[in-house]
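The stops below are given in the order in which to select them.

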Amino acid sequence: MSVFHPNSYIFSHKPLVSSYPSFSAASLESGVKKLCAASLESGVIKLSAGVNSDFLVCNIEESKERIRRLFTKVEVSVSAYDTAWVAMVPSPYSQAPCFSGCVNWILENQRKDGSWGLPRPGVQLLKDDLSSTLACILALKRWDLGQEQINKGLQFLKSNFASATDKNQCSPIGFDIIFPGMFEYANDLGLKLPVEQAVLDTMLNKRAQEIRRYSTINSPESEAYLAYLSEGMGNVHNWDMVMKYQRKDGSLLNSPSTTAACLIHIQNTGCYNYLFHLLEKFGNAVPTVPDSDIYVHLCMVNILERLGIDRHFKEEITSVLDEAYSWWLEDDEEIFMDVETCALAFRMLRMNGYDVLSDKLSRIAKRECYSDSHGGHLKDTSEVLELYRASQTIITSDDPSLDKQNAWSYNFLEQKLCDESVHLDRYGRSIYQQVHDALKFPFHSNIERMLNRRNIEQYTADSTRILKTCYRSPNIGNADFARLAVEDFNVCQSIHREELKHLESWVVENSLDKLKFARQKTAYCYFSAAASLFSPELSDARISWAKNGILATVVDDFFDIQGTMEELLNLIQLLQKWDVNEETECCSEHVRIIFSALHHTICEIGETAFKWQARHVTTHIIEIWLEFLNSALKEAEWVRDSYVPKLDEYMANGFISFAAGPIVLPTIYLVGPRLSEELVQTGELRRLFELMSTCGRLFNDIQSFKREAKEGKLNAVSLHMIHTNVATEEDAIREIKCTIKLKRRELLKLVLQEKDSLVPRSCKDLFWKMCRVIHQFYMKDDGFTSEDMFGAVKDIIYKPITRLQL
């Protein structure tokens with residue numbers, strides 16, 4: 001990792017052709033040009049006069065290369081605050097600064113307004129400026145240097161001191177202890193601060209209260225927190241206690257300022273060597289987070305995934321995750337130094353197929369995160385938000401305490417929103433929006449492309465983070481991330497729009513629009529495909545998913561509300577015979593239209609799948625459809641005969657009649673891996689299908705219970721009330737939702753499982769993607785009738801993202 005000056009960081013430009021799976025670099029570049037040209041022609045992407053699609057392709061590839069280069073080196077801004085504390089360390093051999101280069105840096109880096117701190121192109125973070133400026137003044141005063149700089153710094157303090165007590169100003173961690181603590185040091189140096197004594201006394205009293213509050217808790221967490229704020233604790237601090245937190249590299253809690261403060265009071269070779277090596281590596285100024293490479297790299301992976309552009313950087317991401325996993329297995333302190341890094345690593349590793357147990361995360365979460373009712377000290381919103389995200393990836397074998405962490409973190413974040421205190425935290429409005437979205441859209445109901453769009457629109461290239469002081473890193477906040485994400489989203493969207501036009505024509509060509517009894521939900525069916533399988537190379541998978549979704553909706557309505565028993569049996573017999581004369585063997589026009597559409601579509605998907613699989617799979621697709629039709633027939637017979645099935649009997653049939661099988665199962669042949677017939681028949685694939693569809697059936701029944709009860713139909717809710725001791729609808733629904741949660745967690749476990757798994761991850765992902773679609777569609781009501789979904793369809797398929805203001 002190296003240090004950079006935020007105002008002078010310049011990217012170089014070198015084009016590099018990325019690649020999609022099974023695409024050559026040459027064919028990909030040609031394909032991207034065509035896609036960009038289509039986007040330009042349709043008006044999705046606007047370019048200035050004289051600029052062509054070649055320029056756009058070059059622009060995209062240059063952004064990819066600059067992002068790729070960020071994986072090779074972590075850069076972070078220098079810290080005036082930490083550098084000042086290092087400058088105050090005396091030489092063990094004379095009354096002179098031990099690190100004179102730091103003193104020189106302070107003399108040379110004062111701003112025109114008299115302050116020191118992080119260059120701020122946007123909003124001022126005045127409390128951080130005050131803290132950094134006072135620390136630099138103390139460093140100069142300590143060595144009787146730079147009187148002119150001291151005077152200008154004091155003037156800045158005088159002009160802006162009101163911000164120190166302004167509750168609406170964003171505060172660095174420990175500000176109420178550290179900043180007043182420096183008043184005492186100023187007094188020891190004979191430095192009079194240009195502030196009324198009453199104001200100083202008020203802040204000193206608050207500092208004493210804070211120290212007393214954490215000291216009386218008498219817990220390892222509070223002790224570590226006060227040790228981290230050592231420079232604000234003064235001469236009465238127990239430095240022997242602080243030394244308990246010395247790391248292998250000699251630092252105290254990975255903080256240069258904490259380490260320097262300790263070295264000012266006691267001699268320690270480890271502390272000295274740590275600071276010496278920092279300056280040897282970074283020059284005359286130090287960053288506030290000197291050893292954060294793994295955290296920054298994990299943040300990069302997280303950002304790329306959330307923006308939907310991670311597929312362009314598979315090799316780089318794999319390298320980062322492999323390294324993180326090796327450190328996780330070794331219990332490396334770099335991973336476990338704080339809850340945010342640990343939670344981020346846990347979630348990234350787990351969701352990318354690495355075998356990580358939750359006990360380590362639970363252990364560090366218990367150690368560091370407490371609400372007021374638990375008497376704890378650390379209420380950093382971003383850390384709790386990352387813990388909440390990680391705790392949502394619960395699988396069936398997890399530590400039960402992860403459930404408690406999920407509930408605690410949810411309540412904590414909800415309270416932050418309610419009292420609006422999150423606005424004062426280190427990300428201000430940005431973190432408020434992230435918390436709002438995390439609570440409104442749980443991980444399991446967050447369809448991927450909807451998440452991508454929200455994150456792109458909310459993304460800011462300002463990477464400012466706050467610990468005891470602010471820092472920035474181009475690896476975390478970078479305009480290239482947003483540029484690539486916007487162009488990628490719009491190019492993909494232009495493809496999606498063309499595919500939807502094809503589907504709308506296909507519906508008319510197959511006379512499906514003439515079936516007035518059937519719900520016409522072409523856009524919704526395609527939306528679920530495009531929002532889950534958005535990559536350009538997955539066009540075959542999207543078309544199959546959408547066409548089968550449209551047909552499944554038509555068939556479901558036919559069996560549910562329109563078809564006679566003769567027609568239902570006729571349709572099944574036709575599919576079983578397969579090669580038939582439609583004009584003579586179809587008993588009605590409705591049957592003819594439905595069978596004809598099924599026959600043509602199954603043949604088409606079979607032919608397409610042959611190109612991917614190099615074997616015939618049409619027979620299996622027919623079997624999938626027959627299983628669904630027979631399950632729908634059984635439900636129709638139950639209604640006709642007024643039969644009341646047992647709950648287990650209903651669910652054994654109901655997960656099939658939910659109709660997700662014809663949508664998802666044929667699609668597994670169109671996402672890349674070649675699948676043998678033996679693999680397709682495995683119990684693993686069947687279990688994935690059953691878990692996904694059970695969640696869908698139960699959600700559907702919860703939302704349709706009132707309507708179906710009026711129609712005299714039974715479903716899981718009513719049967720639950722009939723066959724169990726549950727007396728009310730509310731109790732039945734509560735128990736069914738618990739079942740959904742258990743099934744969802746088991747599904748996620750199977751999807752993520754690498755050991756002893758035969759089904760390729762890209763195929764298993766389809767079941768999880770459909771599960772997320774199901775949760776989204778049935779979040780409030782029947783997804784096909786939800787007005788909220790209309791806006792989502794518009795955002796994903798029709799409405800391009802305008803160029804962001806970066």
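Begin with Asp144, in the loop that joins helix H5 (126–142) to H6. This is a predicted model, and the torsion to check here is phi: Asp144 is not a glycine, yet its phi is positive, at about 50°. Asp144 counts as exposed because its relative accessibility is 65%, and the cut-off for exposed is over 50%.

Next, follow the chain into helix H6 (residues 147–160) and select Asn160, which belongs to that helix. Is Asn160 buried or exposed? Its relative accessible area is 18%, so Asn160 is buried, the limit for that class being under 20%. To see what Asn160 touches, leave out the neighbours within four places in sequence; its contacts are then Leu126 and Leu130.

Move on to the loop between helix H10 (239–242) and helix H11 (256–265), and pick Leu253 there. Leu253 is a residue other than glycine with a positive phi, near 60°. With a relative accessible area of 27%, Leu253 is partly exposed.

The last stop is helix H24, residues 539–562. Then colour H24 by accessibility. Of its 24 residues, 18 are buried, and H24 is therefore largely enclosed by the rest of the structure.

Notes
Residues are numbered from 1 along each chain as its sequence is written. This is a predicted model: local features need pLDDT of at least 70, side-chain atom pairs count only at pLDDT 80 or more; totals for chains, interfaces and linings use all residues. Side-chain values use heavy atoms; hydrogens and water are left out. Helices (H or I, at least four residues) and strands (E, at least two) are DSSP runs, numbered from the N terminus. Buried means under 20% relative accessible area, exposed over 50%, partly exposed in between (1.4 Å probe, protein chains only). Contact means heavy atoms within 4.5 Å. The expected span of a helix is 1.5 Å times one less than its number of residues.
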